[in-house]
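Keep the sequence and the 3D view open while you read.

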Amino acid sequence: MSLTPVGSTARWIAAGRAIETEWTSPLFSDPFARDLAGDEGFAMLLAMRGPDRIGDTTTPDPYFSIRTRFFDDGLIAAVRDGAIRQVLILAAGMDSRAFRLEWPPGVVLYEIDRDDVFAYKEPIVQRLNGQPRCDRRIVRADLTGSWTSTLAEAGFDPSRPSAILVEGLLYYLDEASATRLLSSIDALAAPGSWMGMDMVNTDVLRSPYMSVYVQKLREFGCPWMFGVSDPESLLAEHGWHGTIVLPGEPDANYGRWAYPVVPRTVPGMPRIYLGRATRMTAEEKAARHAVVASQKEEVVEKEPAAPARVYEAISEPDLVGAFGCPDGKGPFPAVLALGGSDGGVPTYFLDLLVPEGFAGLALAYFGAAGTQPALVEVPLERIERGLRWLAGHPKVKTHDGRVALVGVSKGGELALLIAATFPDLVGPVVAYTPSSVAWAGIDFTQPSGTRRSSWSYKGAPVPWLPYPEGIVPTFSSRGLVGRPIYERGIENTSAVERAAIPVERATGPLLLVSGGDDNMWPAARMCEMVVERMRQHGRANAVGHLNYPAAGHSLFPPKAPSGAPPPMPFDLGGSRDADRAAHAAAWPQIVAHLEQGRRPASSR
Ligand code: SAM
């Protein structure tokens, strides 16, 4: 009988346990794992490893090793005081805890999995002369069916407390099956029971960081389907007091987790949860149901959202964006707008510019249909095309064929680069929180993209500043703090020189806007580098810098998203009030600058 695709995943996980067992100072020893994994288990392990670990069958995967040890410890602690003598391992796969853990006398351990799994596993265990250290009973059952009666036939007594393990299973089930399974467990877990389980959150299923991994599982025929957004509530619904631990936190670290632990307050991050739960009493369950029922009765009235402005969608070869202009015949002064690393069409700029009397082209340069997916070697010619299109529009009035340019963040970097590359096409420039150099590219799905330039021109990469080696990103409660990475990067003086944007070539004038509390990158410092470069080239009077010390990276009023949701939340620094105050102070100066190219008074 051959294994189902999801049954084969048990051999992959066993391969991980074999590697840990053979590692220096292993977190556990599983002498059965290598044989149970077999060649197929190691082949799947290799296939699931990222490109950085090609061919590596000797280095343990920290997550799987931590998970095994975490649940080894949890199970042994659960049976230690003698109250629990039934252990139930659901979807046991190649689990060998019955043979390898020190169980106290009297423990009966039930392993449940499908027939195909035991048809493969039992002959191997026998060949290895496995001697269980407890009363091991195998239960062949489908956990999406009526497995509790088969379990009872094997001797399980639901009136007695048990230790239950649901490891490596829930995400392989669809939501209805996972919920049914938790309800079945609810029905057979007596007071005093303990449960361990791992779960993924819903972001795992949709995050670009996880897309390659999730896609591979789909191709193996065992897709991940079930993610949880609030694991404690899910457990509570099924009668458990749950504690969730993230891999890398003190209780699940074992000196093996080399990555930052992203706080759970940071939304949108893919996460895997290690859970430990104890049973609620009947009174606690009843009290919880009463609270939930009363909450459902509360009706929340929402304010209707304001209708979004509608702009003309532009979708031509090499030109994707949205055009907007005020009512009337025009012609109107025009601005080409470039968004940041969220990609897509930055129509939020049109929402600001059109009411001020500008015609605007919000141009997509990546991350929108008809453009490239990642911010890597974006051809500057795409923006040149947009400038020519806008300047030729019948409702647009130009200054000697030039239009104004505004960009934010990576779009601010791009705006300065474009102004320096096409001085005959660009008039006044406003660069919000920009960079003074061309940075390495950004590709959340292919880390190799970060070792190429963000931009290209005439088919060649624009000289770029690499990200510094060996800096691990840090996370605050708001998200990833990028600033230390960029701060270290701009210390690379020779590379900074090569990658510096030759802003002095811009017709300008240039207006730079930055926040002093920008946690994304050191925009204020990079603005000063631009100012200094202009000064060195005798062009100090063609640049201004508005800096707002309390503001962060987002100096706009709240904006509608332009591209796909960010793959992870970023800590942008600042605060709602400081950012809004900065916008209110900057905006009239920005409008005046875009209209007339007047040199603004510096606010510093
Ligand atoms: N718990 C083991 C471990 O952590 O090593 C095995 C985990 S393995 C990733 C997934 C296991 O879930 C496989 O052994 C598979 O047979 C089992 N499984 C998946 N769906 C199942 C179902 N409907 N009924 C019983 N077992 C199932």
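Where is P26 found? P26 sits in the loop between α1 (5–21) and α2 (33–48). Helices (H or I, at least four residues) and strands (E, at least two) are DSSP runs, numbered from the N terminus.

## Basis of the model

This is a predicted model: local features need pLDDT of at least 70, side-chain atom pairs count only at pLDDT 80 or more, and totals for chains, interfaces and linings use all residues. Residues are numbered from 1 along each chain as its sequence is written, and side-chain values use heavy atoms, with hydrogens and water left out.

## The chain overall

The chain has 18 helices and 21 strands. Its C-alpha atoms fill a box of roughly 90 × 55 × 40 Å, taken along the principal axes. Of the 604 residues, 54% are buried. Buried means under 20% relative accessible area, exposed means over 50%, and partly exposed is in between (1.4 Å probe, protein chains only).

The accessible surface of the chain is about 25,900 Å². Carbon and sulfur atoms hold 54% of that surface. Accessible areas come from the Shrake-Rupley method with a 1.4 Å probe; for residues, only the protein chains shown count as cover. Now take the contacts in the chain with a separation of 6 or more: 76% of them join residues 24 or more positions apart. Contact means heavy atoms within 4.5 Å.

P26 is partly exposed, because its relative accessible area is 36%. Leaving aside neighbours within four places in sequence, P26 contacts E20, T21 and R256. W240 is 214 residues from P26 along the chain, and their C-alpha atoms are separated by 32 Å.

S25 lies in this loop too, between α1 and α2. With a relative accessible area of 62%, S25 is exposed. S25 is not a glycine, yet its phi is positive, about 45 degrees. Most residues other than glycine have a negative phi, and most peptide bonds are trans.

## The ligand shell

Which residues come nearest to the ligand? They are A91, D113, D142, L143 and E167, out of 21 residues around the ligand. A residue counts as near if one of its heavy atoms lies within 4 Å of the molecule. α1 supplies the largest share of this shell, with six residues. By class, the shell has ten nonpolar, five polar and six charged residues. Ala, Val, Leu, Ile, Met, Phe, Trp, Tyr, Cys and Pro count as nonpolar, Asp, Glu, Lys and Arg as charged, and the others, Gly among them, as polar.

A polar backbone atom of A91 is 2.8 Å from a nitrogen atom of the ligand. In the side chain of D113, an N or O atom is 2.7 Å from a ligand oxygen atom. A nitrogen atom of the ligand lies 2.9 Å from a polar side-chain atom of D142. Taken alone, the ligand exposes 590 Å², and the protein buries 98% of that.

A91 is in the loop between β1 (86–90) and α4 (97–100). A91 counts as buried, because its relative accessibility is 19%. Its phi is near 50 degrees, a positive value in a residue other than glycine.

How do α2 and α9 pack? Helix α9 covers residues 211–219 and meets α2 at an angle of about 145 degrees, with the axes 10 Å apart. M44, A47 and M48 of α2 make the contact with Y213, K216 and L217 of α9. By class, this contact has five nonpolar, no polar and one charged residues. Axes are lines fitted to C-alpha atoms, for helices over the stretch in contact, and angles run from 0 to 180 degrees between N-to-C directions.

D56 lies in the loop between α2 and α3 (62–80). It counts as buried at 15% relative accessibility. The D56 side chain makes a polar contact with the side chain of T59 (2.5 Å). A polar contact is a pair of N or O atoms within 3.5 Å; within protein, one must be able to donate a hydrogen and the other to accept it, and residues adjacent in sequence count only if both atoms are side-chain atoms. Beyond four places in sequence, D56 is in contact with L45, L46 and R49.

N519 is in the loop between β20 (510–515) and α17 (523–536). N519 is buried, with a relative accessible area of 17%. Its side chain makes a polar contact with the side chain of D571 (3.3 Å).

P331 is found in the loop between β9 (319–324) and β10 (332–338). A cis peptide bond joins G330 and P331, with omega about 0 degrees.
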